[in-house]
Structures are given as structure tokens and as C-alpha cells.
Amino acid sequence: MKAQIESIKQAALAAVSAASDTQALGEVRVRYLGKSGEMTSLMKGLGALSKEERPEMGKVMNAARAEIEAALESKTAQVAQREKEERLALEKLDVTLPGRQPARGTLHPITRVREDIVRVFLGMGFEVAEGPEIESDLYNFQLLNVPKDHPARDMQDTFYVNDSYVLRTHTSPMQARMMTTRKPPIRVVIPGRVYRSDDDASHSPIFHQIEGLAIDKHITLGDLEGCLLAFAQQMFTKDTEIRLRPSYFPFTEPSVEVDVTCAICGGKGCRVCKGTGWVEILGAGVVNPAVLEMCGIDSTEYGGFAFGLGLERIAMIKYGIPNIKLFYENDVRFLKQFNGEVEK
Amino acid sequence: MLAPISWLKDYVDINVSPEKLAEKLVAIGFEVEGIEYQAKKATSVKTCKIVSVEKHPNADKLRVAQVDIGSSVIQVVTNVPVEGGEYTAVALDGARLADGHEIKRGELRGVLSEGMLCGPEEIGMTAADIDGQKEDDILRFPEGTPLGEDAAVALGFDDVILDVSVTANRPDCNSIYKLAKEVAVALDTECREPEIAYEATGDDVRGAVDVKVLNDALCPRYMAACVRNVKIFPSPRKMRMRLRAVGIRPINNIVDITNYVLTEIGQPMHAFDLRYLSGGEIVVRNADEGEHIVTLDGKDNTMTSSMLAICDAEKPVAVAGIMGGEFSGIQPDTSTIIFESAKFARDSVRRTSRALNLRSDSSARFEKGIDFASQEYGLKRALTLVYQTGSGEIGKGVIDVKVDYPEVKDIEFTTAQLGRILGCSVPKAKLVSILAKLGIPVTPKEGGKLVAHVPDARSDIDGVNDIAEEFIRVYGYSHIKPTLFKYAALTRGGVPRDIAFRNRVKEELAALGLNECITYSFTSPSFADKLRIPGDSELRKWVSLINPLGEALSVMRTVLTHSMLEVLAYNAAHFNKSAALFEIAKTYHPKALPLTELPEEREKLVIGMYGADADYFALKGVAEGLFAALHVEAEYAPSSLAFLHPGRGADVTVNGRNVGYLGEIHPDVAEAYGADVRLYAAEFDLEKLLEECTGKASFREFSRYPSVERDLAVVVSDEVPAGDMVKAALNAGAEDLTSAEVFDVYRGAQIGEGMKSVAMSFTFSSVERTLTDEEISSRMQKIYSALESAFGAKIRA
């Protein structure tokens, strides 16, 4: 019997060694160790042996069985490892093929610029407000120190609804609305659509402005410059500089135009800044005491500053958009370009 | 304002380049929009001498000239009948002419030509600009003229002209003289006064004409002078050239003098022919209602009683400050003229000019506003020019009818006040010297106060803020250092909830893959018909513009869908295979028409899409995604809106309130917009969504035990909306039901005509334990019973 065990064992070990995949190993297991396998059948024959022989033979048989098990296990592990490696090799991808992107939406560049600007001023304690686009002549002009038949009306080509109502030509009427309804201190930015009857290569009859107003007991032109410098450095680059130039608006006195160092050439002079190194971006000034008085604020006690700028102009500078018409064509090839940005 | 530098130099010494001068002017508040070099209108046009001329071998009308240009002799083929010996001008190879043409050497009928002989037009001049120059002839220079010089320079056509933008608060600077004063301030130098020097030898003006001013509010000052034995001839060349440089066509000596004074002093003048002043009278009065005047331009104007007219004893002879009558002007045989130099109220001139649609250089000037000193200055300057040009015999005296006016306005202030406005220190001595240069003397007063004595010409200076501006624009804004609310209170700031909500909606829609667009707020009134809006709809009440850019941009929109469909159609027509867009904007709804109070402006959201991935459910998915983010529970019911596909549109309600619609656009409507693809759109009222949304995410406990899913397929009538079935199932009273969804709808012969099979999936889970089969079965039974009683649902066999 011993010889028989030895012979089965040898055959089983040879079969294990010969098996090359998981399936063959399974068959080997069934054939030798399965319920009706050769080794198991032999095991059943133990009962026929004498009492003395049985433990001896049992030991031998168990040893043989353990040897086959061990061989099977080690070979199975070996084969599984190999098979896994083969599968992984088969699963190789061309990692340079494109991924599947979920559709990605965008905000209009005007919205992006608007929110960028609003964020800067929120940080300086400004609130946000909006106002009516169809506006009364009173708020759009008269309370801003532009009476009827005043030459300053020529500064803006106005769309009229009738004698008393216009499409607002600027966001400035909200200055008057804030001042007539609030008590200082007031610090507010007012973004919105505005309208001028001007339609050519560089003008759109509808465009966007953002207005700023700060009223308190002691606000200086220096504070205006500080605010606008903070804005310009946030919007463009950290080393952007600004300069004030005298100008005229009926509702501010003194009035200034504000230039920033050209974002394209960094102030060296290029086509965008017409070689000057400076780009005009907004108008501003000290709120005219006459406006304060008309709006019911004591000009001997309070003062402040106001500014207004065009969002299209800022967007054109910031993104290098060559033509204002592109904003309103709404071609998806344009709109899709204004994806997320990372501030640096 | 066009300002030739040569003219400015009459009053101020300018020793810097035009570019530097422009920079200095900008720094004190005068933007320079352009610098024009007359001599650079054409390049490489040189003086030359025709040495010899031969006939062209191949062309009868052409000649071949040898032309000496100083450094060499070149050959030019020309059709000008030159004989040889002439001094003229030639454009060399590579020259650019005033009209933009470039000259290249080349063969003309087989003979080499190395240039082109030039007339005045080629260098940007006219024959009238050059004494003795004939029309349609080449330029002629005197014998001995140096050769090879720039032809324009040789003709003195080499001025440099600044285009200065004068702001509305400085009407006085619409004149060479006042601008020269600013130049003197900018260059820190002195300014000379215009020359006033003439001899009045004729009879007194008061014998020739009598002036009555009946409305001194609209005409606060009227001056007149008389010139007899007038001789009419072309003005001297210098005057003509200067007028042309500022864009005024020279006419004759008298008209040119009035235009010269308008430009130089800023005072509009008019010259009346005395023969046409009936009764020898000038009466400044309001026109009679309906009174007619035919103006110089031949236009018949009907005036109203609010308009000011210059009249003689019988009739209007001019619309005050705007234009003279047809016979008021200078004729070749005019012998006696009356110069008018008046101040008319700017708002009156502006209103009248607009009402009559009548404009002139004079009205443009009056509209900006004019000071009291200019009338006398202008009149005397005009008489000086009459005297210098020998244009006639000047009558003694001037007529001057004027109201009392304050020649000087005093403004009291302290340097501390200025510092408080500007945020920089204000050195007193510097301040006084700057204001003095600007013609504003300052005197000290007790208590450290100062008083500025502001002349009438600076009516823009009203108070301390104006004084601050005058100081700082010359002192320099660079003296102000940036600060951040150094002396002001802290404020809280923030975003109001409607704006925050809108921003949120925009971000969610972008996250759902849509691109934001922005369209015009005004559109064509035809939008209502295109969208099949019923005749009695409130949406047909809109605000119209009285001066739109055209019919297509003439009314304020009451819906956004129209603009969205236009944008979708535009994209489809411009090679974009698909688009998914949204816009948030206002619609405008008048409370009454004509407008007597501000209209209601409502914020709306419109969504639009087309392309391979676009269909009803893609659109609805976007709406559902948005509503989920906003915590809004919306319900959908078939819509009867006429611009939607009859079977693919839904009205959307939230808490029983209609908030908008969504659906496929009716193919006929899509076609009307020029789209050849299926369009999908939705429009929602953003204000209602804000009111109805709960806005808050809050924690709900979820089960730690396995959930159980069960499917059920029932047969119902085709008309039963699946949404109603889901609602009925959820309300069937089946405990622990956490979701009910439709996953398949099937129609077919086995189901039966007019019926459909709706397959639904239900999920149950309890937070306390695992549910048993018996519990699930009894709950499914409740659901089935509810569907059966509500819709007659039968289990699908």
C-alpha cells in the first residue's frame, strides 16, 4: 500500500507540475484529492487494514496528501500571479486617448468681470445695489446736476421713452436713488445695463457699467485713489499703477479720468495703449456738493466720491477681446472660451 | 476744437514739440485726440524744375519731361502741357499723395516715368489756398525756388493742428485765445492779449441803426458796430489758411472775419447788410407764433413764440444765434454792414435749434454758453481785422445794450477745506500763484480765510470744490497719495438676497453645462406675433422708444424667449452643431401707457438648446437639476402655449403658482426664426422662484439597513400622465416608501388600443430594521390599490 501511495503521490506531483492554468490545477485537485479522487479512494481503503497497520499507513497517507496540497497551493498561487499579470497586460490602455468630460458651462465674460469687480469692493465694505433701467429724467439727469437743455446732455446720446422717461444712459442715477433714500455712511457699488443711441464699430447701444459711491463725514480724493488702486491691482496685475487726470462730469467736482498702466505691455507702450503706456478705464470724482444738496444730504457735513466704469472695456482689456460686438453676438464659440480662471 | 499751433503762437511762446504740448494739455484737463501735420498729408512731393520736354513717341497727348530735383534729374511722363523752364512740384517714386494714392516708377506707353507732376490737391491743398494758382493746374513756384524741397513746406502748408477735446464746463476754451491761456498755464509761461487797434473815422453807428432788446433774459447783451464803403474781396492768405486748417471754408473778407473771430475769440458774429434792415432798426424779440423766416440755407422755418428772433422794423431777419435770413448776408454789392456781437441764452438757442432742426457753427457755440466779456472783445477784434485788411470805413462808437451782471464772483475758502477734499496738503503760496495764472486773483481775509475773485468767464467755478479742482489740475494729481478710508467709518457691505439668488442660479446652470449669453433688451414689436402671443395679452403692453436705432430695436421686451430663439437660430446658421444657453435679464411691463411712472422690471430666466443631445427631456433635466439645487418642488402639466409643440410643452408650477414653461418650440415658429433644427426653450420668473424656494438644505436620517426594491408594471389609459401615477403611489400610504420612479413606458398590440404599460420601481427602507417580505407585500398592495382606484390600473398580464 505504501508503494501505491507513493506512486499516486508521484503521479499527482507530476500532474501539478504539468498543469499550466487554474483550470488544469482544479482538475488535478479533483482527480487526486476530490471526493472520489484517487487519494481519497485510497483513504477509504484504510478501514480494511489491521489495527496495527492503520496509524502507520494513515500517517503516510496524510503526509502524502499534505505534500500534494502544498504543491497544489504553491502552483496555484504561481499560476494566479501569472494569469493576473497576463490580464493586466491585456488591459493596457492608450493613456493619451481623451477622457470623457461632463458638459461644462460658462458664465458670460461680462458676468465674470462684474463679479470680479464686485468682490474687490465687497472686501472694502461696499454693498451691492441695482436700479431701474427705464429711468426718469429727474434721476438720470436733473438730480445729477444736468438740467434740461444743459450742454452736458450732449455727452450722452439718449434713448427717450417720452419727455420724462429715458433708458438710463449710465448707472449714476442710482447714486441719487441711494442718497435720497439712505443716510450716510453710504458705500455701494451698482452694476447694470445702460443704453446710448450709438451703434458703430466701437460702440454698442447696450452696454454695462458699474457705479461706485462712498459718502461719509470725511472722505478725500486720496481715498478714491486708494480704492481704485486696490481695484486695478486686483483686476489686472499686482504691480498695476494708476494715474488721475483732470476731466469733467456734472455730478462730480473735481472730476478725473483714471488711467491704468497698460496690461498688455506693462507700461512700455504698445498698440493697445497707443504707445502711451496708459489705458483709460474709468471716470470718477468728488461728489458735487450741488448733487448732495439736491438729494437732501448736508454738503457742509458730508462728502464723498463716485466712480463709473464700463464692464465691456475692462473685459476687452482683461481677455484681449478685440471687438465689442462679440459680446452680444452670443456665438457659442465665443461664449465657451470664458472658462474658469485661477487667480495668481 | 481744432487748434493750429501757429495760431496759438500768436498769443503764447511754444518751445516744445507738439507731442510734448499735447501731454502738458492732457495733464491740466484738455485731452488731445489727435495731432495733424499738414506737411505730412502727402510725402515725397518735392519742388523741381522742368529742364527739357520732348513729345512722347507713342502718345499724342503725353510729354516726356526731364525734371531737376536738385540732387539729380529724373524723367517724368505727363499729360500737362509743360514747355520746359517751369518751377513746379513732383511726386517721387514711393510718394504717398493726400488722397492715399502711392506713386511708383513705371513705364507709361513704353516710356519710363519716375514720378508725377502735382497740383495743390495732391498735397492736400486747394487752388484757392495759393495766391495766383489756377484751378486744375500743377503747382507753380517762382523762378529760383530751391529744388528738392518739400513742396508743402515751400508753400507754408506746414502747420501742426491739435484736436483738443474741450469739456462742457469750459465753453470759454472753444477759442484759440482762451486755449492759448491754458497753454501758457501748462507751459508755465505768459499769454499775450489779442491785438485791438483800429481807427474809427466814419459816422457814428447810432446814425445807421437803432437796437432794441425786448427780451433781455434770452439776450442779455447785444452789441453792434457799423462799417461803410465795404469792399468785398478774398481774405489774406494767412486768414484763409487758418480757417481751412480748422475746417471752415473761406468765402470773402467780411464773412471770413466773422468766422475768424468766432474761432479766435469764441464769439459768434453776424454781419447784416444795412440795405435789408428795414427801418434801420434791429429789434431783438420773441417771434410771433407761426412767424416765418427763410434762412440762408434756403429753409423755410415756422417759429414759435418761445423762440428769439432778430428783426428789423417789419420782419425777422435772423433766428437769434443760429442763422441769418436769406437776404441778411453779404452780397457782392454790399456797401454798409452792421456787425452783431451778442450773448444769447444757451438753453434757448439749444431748444430753438433742435425744434427747427437748424444748426450752425454759431448755434453750436452759443449752446455751450458764452461769457459777457466776449461780445466787446469779439466786436473790437473784428473791427481791427476790418481795419488791417482795408475792408471798409469803420463808424465811430459801438452800440451796447446789456443787463447788469456781476463781473466778478467772490468765493471764500481756506486751504484746510481744500486739503480735506483732496487729501493732500495745500501750500498757500503755490495755490495763490496757480489761481493768479488762471486769471483768478486771491486776496486774504481775517481768520486765515482766502477769497477768490472769479471772473464772469469762469461761470463753471461755483464753490470750494471748483477751487480745489483748479488748484490740483495745475499743481498735479501726483501730489495726492492713495489712502483707504483714512478718516471714514467702517461699513459692513454685502449682497442683497435677490442678487445672491441670481448669481446662484447662474452658477448652477453653468454647472449643468449651459453657456450664459446676453442679448439686447429692446427688439422688434413683431416678436409678439412671432411668438403667437394672444391679442389681449398683457405681454403686448410694452414700452416703446421715440428715437430707436430702427424698428428692429424699438420696443422694450416683455419676454426673453424671443431673444433666445434668435440666438439659437443665429448659432445654428453659423456652423454650430449644438448649443445649450441661458440668459437672466429683465422684462419691462408698463403699469400705464403712455408712461407716467416707472414700469415694472421683472427678472426672468430663459434657457434654450438644440443639437444632437437636445430634446424635451434634456431640457427638463436641466430645469430639474436647477430646481433640485434651489430646493424647489416643481410640477409639470401639458401646456397650451401657442408657440410650443402641441404635445411637447409643459406649464411649470411651484406650490400651485405658475412660474413659467418649458418645451419644444413649434416647428412653424422655429421656421419663422430661420432655424432648420428643433429648438427647445424654457422661461421662468426668477422672482417667483426666489419666493417659492425654501432655499435650505437640511439633514434627513437615512437607513443603515438594506433597502428593498420592487417593480410593478400596470396597464392604464394612454392619457394618464406618468407624473400623476408617481404622485398617487407616493401618497398611497405605503410606509417606508422612499422613492417611486417610472422606468419604462410601453405601448403595443399586446397592451391594447389606447392603453400603455407603465413599469415603476419602488424602494422601501426603514431606519429601524430590515423590512420583512410580508410587510413589503402589504405596502405594494396599497400602492396597487391606489393606482387601481385612481387610474383603473391593471397588473400587466
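**Helix packing, interchain contact and local backbone features**

Helices α5(A) and α10(A) are roughly perpendicular to each other, since the angle between them, about 95°, falls within the range of 65 to 115 degrees that defines this class. In this predicted model, the axes of helix α5 (residues 109-122) and helix α10 (residues 311-319) of chain A are 9 Å apart. On the side of α5(A), the contact involves P109(A), I110(A), V113(A) and R114(A). Helix α10(A) contributes L311(A), E312(A), I314(A), A315(A), K318(A) and Y319(A).

At the level of the whole chain, chain A is divided into two domains, domain 1 spanning residues 2-90 and domain 2 spanning residues 109-343. The C-alpha centres of these two domains of chain A are separated by 89 Å.

A further element of chain A, helix α7 (residues 173-181), carries a set of buried residues, namely P173(A), M174(A), Q175(A), A176(A), M178(A) and M179(A). The buried residues of α7(A) pack against helices and strands of chain A. The helical partners are α6 (137-140) and α9 (289-294). The strand partners are β2 (134-136), β4 (186-195), β5 (206-216) and β9 (303-310).

The loop between α7 and β4 of chain A contains P185(A). The peptide bond leading from P184(A) to P185(A) is cis, with omega near 5°. A cis peptide bond is also found from E253(A) to P254(A), where omega is near -5°. P254(A) is placed in strand β7 (residues 252-261) of chain A, whereas P185(A) is placed in a loop.

The contact between the two chains draws 69 residues from chain A and 79 residues from chain B. Within chain A, helix α8 (residues 221-235) gives the most to the side that touches chain B, supplying 8 residues. The composition of this side of chain A is 36 nonpolar, 16 polar and 17 charged residues.

In chain B, 5 strands form an open sheet with mixed pairing, in the order β11-β14-β17-β18-β19. Strands β11 (210-213) and β19 (323-324) of chain B stand at the edges of this sheet. Each of these two edge strands has a single partner strand, so one side of each is left without a neighbour in the sheet. Strand β18 (residues 316-319) of chain B is joined to β19(B) by 2 bridges, and the two strands run antiparallel. Within this pair, A318(B) stands opposite G324(B) of β19(B).

Positive phi values in residues other than glycine occur in chain B at D136(B), where phi is near 55°, and at D188(B), where phi is also near 55°. D136(B) is located in the loop between β9 (115-117) and α3 (151-154) of chain B. D188(B) belongs to the loop between α4 (176-187) and α5 (205-208) of chain B. D136(B) has 9 other C-beta atoms within 10 Å and is therefore exposed, the cut-off for this class being 12 or fewer. D188(B), with 9 C-beta neighbours inside 10 Å, likewise counts as exposed.

Key
Residues are numbered from 1 along each chain as its sequence is written. Chains are lettered from A and ligands numbered from 1 in the order in which they are written. This is a predicted model: local features need pLDDT of at least 70, side-chain atom pairs count only at pLDDT 80 or more; totals for chains, interfaces and linings use all residues. Domain bounds come from an automatic or database domain assignment. Two residues are in contact if their C-beta atoms, placed from the backbone, lie within 7 Å. Helices (H or I, at least four residues) and strands (E, at least two) are DSSP runs, numbered from the N terminus. Ala, Val, Leu, Ile, Met, Phe, Trp, Tyr, Cys and Pro count as nonpolar, Asp, Glu, Lys and Arg as charged, and the others, Gly among them, as polar. A residue is buried if 20 or more other C-beta atoms lie within 10 Å of its own, exposed if 12 or fewer, and partly exposed in between; C-beta atoms are placed from the backbone. Axes are lines fitted to C-alpha atoms, for helices over the stretch in contact, and angles run from 0 to 180 degrees between N-to-C directions. Angles under 35 degrees count as roughly parallel, over 145 as roughly antiparallel, 65 to 115 as roughly perpendicular and the rest as oblique. Two strands pair if DSSP finds at least two bridges between them.
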